[in-house]
Amino acid sequence: MASLSQAIPTIGREPPVLAGDPFSEAVLTSPFEFQHALREAGPVAYLSSYNVYAMGRYNEVRAALVNWQGFESGNGVGLFNPRNETPYRRPPSAILELDPPTHDAPRHALEQALGPRMLTGFRDGWARTAEIMVDQLLKREVIDAVSDLAEAFPLKVFPEAMGIPEEGRENLLVYSDHNFNSFGPNNALVEKGRKAFTDLVGWMGKQGSRESLRPDGLGARIWAKTDEGDLTAAQAGGVIRSLLIAGLDTTVHALGAIIDAFLSSPEQWQLLRAEPTRARVAFDEAIRWASPVQTFFRTATRDVVVADTKIPEGEKILMFLGAANRDPRRWDNPDHFDLNRDPSGHVGFGMGIHHCVGQHVARLEAEVVLHELARRVARIEPAGEPKPHLNNTLRGWKTLPVRLIAG
Amino acid sequence: MIGGRSALRVEEKELVAEGICKLRLVEPRGMRLPDWAPGAHIDLNLSNGLTRQYSLCGNRWDAMSYEIAVLLEQNSRGGSEFIHRQLQVGDLVQMGGPRNNFRLVPADHYLFVAGGIGITPLLPMIEQAAMMEVPWTLLYGGRRLSSMAFIDRLRPHGDRAVIASRETQGRLDLAAAVSNLPRGAKVYCCGPTSMVDALEQICSVLPPGSLRRERFSAKIHPGPVRSTAYEVELARSGKVLTVKPGESVLDAVLKAGAPLLASCREGLCGTCETAVLCGVPDHRDSILSDAERERNASFYPCVSRSASDRLVIDL
């Protein structure tokens, strides 16, 4: 069909209509069949369940993510479309839902504060934390790789690195989970989290103030940008809260995905053990393979034609990062977690001006954990039925029982 | 794009004022160009072997082309002369960047001060300030109106853009403009050394970070802090190099075989920025602000040296 559509000039044709609810429990639990149908439907499809456009093929998703001029974030990166719906409870993110020019200053400040060079001071301390944690885990027969490792490690190091007070750090997981749910439709997941979220709004509003932050943390580093006016005080508080919301759950699900990936391909664990320097590749390959952030919306700033299909100005488009990361047009044997692959170019962190600004933090966290595990764990074995954690945006595990075999 | 280098094709070339030509550059296969923000510049590696920096002065909402404007300099070392006399529509040039040492930061008011061709980085800033509805004023001085580019692009802004030629109106009154600024204002200046130096003096009473400037030519520094050799330790390999008085850190590093990308070799473009882990650099670049200098977090080894016996750098 591809050759046919090239032969006949059909600029601005209507997209194929795809039924099915990508936010249903069934698809969130196992999205691969839906993602396959989306990719096969065409470069662009129309989702009748929500009256939005969707993209699932790598080339188109990547090109649209990079094209901030044609596909804006400022109209919200969730399903809700402020252009034709009544106002909504969630205030826009201080960076994720901005476009140039207002996006420039906060983005640059975060790039500087969270660049790889700026994080070298954390490495030794985090490695020590990982060592102690793995010590404890190896004493136990069965652990839950989610609560005992994937949650425990970032919860220990990330809020500490940011420099926020100890009290209430666990609130971040609850708040953030609902925040990511709220990018989707008003379904049962949103209903379920609303109460706990509402109770935490006041607490979250107090986070990120300069007085509340330790002077040697990342938060203080962001505040230092206000001293010469590179950032306003409102922007500093806003981006720190954005980091707290976006930086924890995502890393939790990424670490969970790594363990899951090695469970699915035990031979890859032996590869990592033989060459621990592959830890960085392992992390990015796990992000590609699992795509902890599955989807984000964009809005067409004008009538845009993507691969002959017209997307009218003001329409929302659902970008399936997870589908793009397993598009066989881009990746050989895409369902296979493979440390011999070069995963660079995956869109699990997005791409372009909104490319995950905290990825170096997440990568360093994953790297120290993987180094420690690879040094001391001979095998990771399943030890029970895992349970998925459902979220409208994130994909991860609620529990992942495993046995760590020392050696 | 490999290693930050790629080719651009000259799509349009047009004389926009006396001695100033504007180039529109595109990716040869019609692909998107890398994103940029106002204040950014690109390096052009001209086929006569020179590398020169030019501010982007076009529209970032057009991802398919860059615009630069080039003044034919009287004492051209060959860069501007090559572009004016030899470079033609259809030719390919190698590009580095874009890089930005002159970012537009938030403000309640902007004062833009341009001297001659210094208008180029300020144009996109002005358009963006207008878009964000932040009040601004521009003082744009030049020798005579016919040699001042982009006046037509500024006219629609009316009185906000003060365009003054020295021939008829004399010099710009920078002191008056600065003294009238409201709180929370930022001053952006690009122009000849005399103008930037004068404005630095005038703005010294403003809060730190109020003045942001970009120079055409490297700042004149007094002699190096030390006249004796010093050691530079490359932290990643543990190598220790001895840098002699006449030698640059960049050359010593490259001679030792460590990878370090450089471009202008004048402390202007920022390409070779390197983190300083220990020791005190003798900053001799034209990029860092005073506060950044004091922080000693990074330096530019093409021109900057060491003030301490040993400098440990992240290479």
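Residues are numbered from 1 along each chain as its sequence is written, and chains are lettered from A and ligands numbered from 1 in the order in which they are written. Because the model is predicted, local features need pLDDT of at least 70 and side-chain atom pairs count only at pLDDT 80 or more, while totals for chains, interfaces and linings use all residues.

**Stop 1: where the chains touch**

Show chains A and B together. Here 16 residues of chain A are in contact with 20 residues of chain B; contact means that the C-beta atoms of two residues, placed from the backbone, lie within 7 Å. On the chain B side, 12 residues are nonpolar, two are polar and six are charged. In this count Ala, Val, Leu, Ile, Met, Phe, Trp, Tyr, Cys and Pro are nonpolar, Asp, Glu, Lys and Arg are charged, and the others, Gly among them, are polar.

**Stop 2: the domains of chain B**

Colour chain B by domain: domain 1 (5-98), domain 2 (109-215) and domain 3 (230-313). These bounds come from an automatic or database domain assignment. Taken over C-alpha atoms, the centres of domain 1 and domain 2 of chain B are separated by 23 Å. Between these two domains of chain B, 13 residues of domain 1 are in contact with 13 residues of domain 2. On the domain 1 side, β1 (5-17) and β5 (65-71) of chain B are the elements that give two or more residues. Strands here are DSSP runs of E with at least two residues, helices are runs of H or I with at least four, and both are numbered from the N terminus.

**Stop 3: the nonpolar cores**

Select A:Ile258, A:Ala286, A:Ile317 and B:Phe112. In the largest nonpolar core, which has 175 residues, these four touch the most other members. A nonpolar core is a set of buried Ala, Val, Leu, Ile, Met, Phe, Trp, Tyr and Cys residues joined through C-beta atoms within 7 Å. A residue is buried if 20 or more other C-beta atoms lie within 10 Å of its own, exposed if 12 or fewer, and partly exposed in between, with C-beta atoms placed from the backbone. Helix α17 (residues 359-376) of chain A gives the most to this core, with nine residues. Domain 1 and domain 2 of chain B each supply at least three residues.

Centre on A:Ala286. Leaving out residues up to four places away in sequence, A:Ala286 touches A:Ala254, A:Ala257, A:Ile258, A:Ala261 and A:Phe337. A second, separate core has 20 residues, among them B:Val276, B:Leu288, B:Leu311 and B:Ile313.

**Stop 4: helix α3 of chain A**

Select residues 32-41 of chain A, helix α3. Its buried residues are A:Phe34, A:Gln35, A:Leu38 and A:Arg39. They lie on the same side of α3(A) because they cover an arc of only 135 degrees around the axis, the arc being that of the directions from the helix axis to the C-beta atoms. A:Phe32 and A:Glu33 are exposed on the other side of α3(A). The cover over the buried residues includes β2 (45-47), β3 (52-55) and β9 (316-320) of chain A. Just after α3(A), A:Gly42 has a positive phi of about 150 degrees.

**Stop 5: strands**

In chain B, show the open sheet of five strands, in the order β13-β12-β18-β14-β16 and with mixed pairing. Two strands pair if DSSP finds at least two bridges between them. At the edges, β13 (239-243) and β16 (298-299) of chain B each have a single partner strand, so one side of each is left without a neighbour in the sheet. Strand β12 (residues 230-234) of chain B runs antiparallel to β13(B), joined by five bridges. Within this pair, B:Glu231 has B:Thr242 as its bridge partner.

Then go to chain A, where four bridges join the antiparallel strands β11 (residues 387-390) and β12 (residues 395-399). A hairpin of four residues links β11(A) to β12(A).

**Stop 6: backbone details**

Most residues other than glycine have a negative phi, and most peptide bonds are trans. The bond from A:Pro100 to A:Pro101 is cis, with omega near 5 degrees. B:Gly97 and B:Pro98 are also joined by a cis peptide bond, and B:Pro98 is in strand β6 (residues 92-100) of chain B.

Finish at A:Ala307, which has a positive phi of about 45 degrees. A:Ala307 is partly exposed, with 17 other C-beta atoms within 10 Å.
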